[in-house]
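Colleague: I would like to learn how to read the features of a model like this one, going through them with you step by step. Could we begin with the way its parts are named?

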Amino acid sequence: MPSPIRVTDFSRIVFFTGAGMSAESGVPTYRGKGGIWKEYDFESCACQEAFERDPDHVWEFHNYRRGLVRKCEPNEGHRLIARCEQVLPSVTVVTQNIDGLHQRAGSKRVHELHGSLWKLRCDRCGWRDEDFSAPVDDLLCPACKALAATTPRGTPVYKRPGIVWFGDSLSGSVVQASCQALDASDLMISIGTSAVVFPAAQLPVVAKRAGATLVEINPEDTPMSELYDHCMRSTATEALTELCQGLPSGS
Ligand code: NAD
Ligand code: ZN
């Protein structure tokens with residue numbers, strides 16, 4: 001049955017996105033068919049302990065992921081969400097994705113709950129960088145390396161991907177900003193998330209409590225489906241095309 005919901009009938013919208021949002025761009029999801037964790041053992045690739053044990057291996061995996069995502073383009077769904085932000089009063093993206101495709105499509109207000117493939121940091125000295133371009137060949141923090149050259153006790157340390165790995169905590173300020181947007185929303189559209197990874201999976205409850213209308217876009221049922229007012233069992237681009245009917249064109 002066609003959804004009676006149109007984004008143009010709402011003024012404070014939050015798009016809550018997961019890996020399925022980028023599936024039509026060719027970015028592998030985590031679970032299900034083609035899920036990246038079927039191919040890689042995440043315990044040896046995506047946690048702090050693995051990074052301390054074997055940073056080269058962890059970087060090999062992350063450079064592989066950066067390479068995969070660099071070849072992908074934002075899809076029509078990403079573009080529609082960016083257009084909503086241009087032409088509607090208040091639109092926020094809260095994403096579990098680390099691929100940067102929302103920003104590449106033009107979205108400006110994006111909260112990345114799980115960090116970004118394109119952010120790098122050094123946990124020792126606080127150095128940070130955002131580099132969309134090449135693979136990370138020089139794995140050492142440039143600031144610590146410079147210090148190591150001048151002090152006998154300073155040993156250089158590895159740059160760390162700015163991603164929330166297994167066992168890491170989410171950034172308090174990102175969660176707070178996301179909850180604020182959800183608490184103020186009148187429409188929350190969840191797209192392509194299996195809703196089993198906590199605490200992110202719990203965030204739609206904030207919008208529910210605030211009295212927002214909740215829409216779930218996912219070809220499959222999820223453990224959170226019952227929370228939603230409308231479930232659209234289609235892909236991100238198909239469902240967004242329907243919800244965005246009548247949306248004025250952006251600049
Ligand atoms: P997910 O892979 O768990 O779920 C993807 C969802 O997208 C599925 O429910 C699927 O039905 C749906 N989907 C597939 N194609 C779609 C399409 N074209 N349009 C709309 N929906 C589509 O991804 P997730 O929910 O984003 O995972 C949450 C978080 O879990 C991730 O951000 C990641 O940080 C974390 N994580 C999970 C694992 C793991 O599974 N062990 C590993 C690493 C990270
Ligand atoms: Zn450093």
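Modeller: Helices and strands are DSSP runs, a helix having at least four residues and a strand at least two, and they are numbered from the N terminus. Please keep in mind that this is a predicted model.

Colleague: With that naming in hand, where is the place of Pro219, and is Pro219 buried or exposed?

Modeller: Pro219 is found in the loop between strand 8 (213-217) and strand 9 (230-232). A residue counts as exposed when its relative accessible area is over 50%, and because the value for Pro219 is 53%, Pro219 is exposed. Leaving aside residues up to four places away in sequence, Pro219 touches Arg233 and Ser234, whereas 43 Å separates its C-alpha atom from that of Arg124, which is 95 residues apart from Pro219 along the chain.

Colleague: Turning to the backbone, which peptide bond is cis, and what is the phi of Ala195?

Modeller: The bond from Phe198 to Pro199 is cis, with omega near 5°, and Pro199 belongs to the loop between strand 7 (187-191) and helix 8 (204-209). Ala195 is also placed in the loop between strand 7 and helix 8, and its phi is near 55°, a positive value in a residue other than glycine. Buried means under 20% relative accessible area, so Ala195, at 10%, counts as buried.

Colleague: How is a pair of aromatic rings described, and how many such pairs does the structure hold?

Modeller: Such a pair is described by the distance of the centres and the angle of the planes. The structure holds one aromatic pair. Its rings are those of Phe51 and Trp165, with centres 5.4 Å apart and planes at 55°, so the pair is tilted. Distant parts of the chain are linked by this pair, since Phe51 is in helix 2 (residues 48-53) and Trp165 is in the loop between strand 6 (160-163) and helix 7 (172-183), 114 residues apart. Both Phe51 and Trp165 are buried.

Colleague: Which residue lies over the face of Trp165?

Modeller: That residue is Arg160, at 3.9 Å from the ring centre of Trp165.

Colleague: What is the volume of the second largest pocket, and which strand gives the most to its lining?

Modeller: The second largest pocket has a volume of about 330 Å³, and among the 19 residues that line this pocket, Gly115, Lys119, Arg121, Arg128 and Gly162 are the closest to its centre. Strand 3 (110-112), strand 4 (115-121), strand 5 (128-130) and strand 6 each supply at least two residues of the lining, and strand 4 gives the most, with five. The lining of the second largest pocket divides by class into seven nonpolar, five polar and seven charged residues.

Conventions
Residues numbered from 1 in each chain as written. Chains lettered and ligands numbered in written order. Predicted model: local features only at pLDDT ≥ 70, side-chain atom pairs only at ≥ 80, totals over all residues. Heavy atoms only, no water. Buried < 20%, exposed > 50% of the residue type's maximum accessible area, 1.4 Å probe, protein only. Phe/Tyr/Trp six-rings, centres within 6.5 Å; stacked < 30°, edge-to-face > 60°. Lys NZ or Arg CZ within 6 Å of the ring centre and 35° of its normal. 1 Å grid on protein atoms, 1.4 Å probe; cavity = no way out; pocket = protein on both sides within 12 Å on 5 of 7 lines; lining within 4 Å. Points joined across faces, edges and corners; volume = space filled by probe spheres on them. Nonpolar A, V, L, I, M, F, W, Y, C, P; charged D, E, K, R; others polar. Contact = heavy atoms within 4.5 Å.
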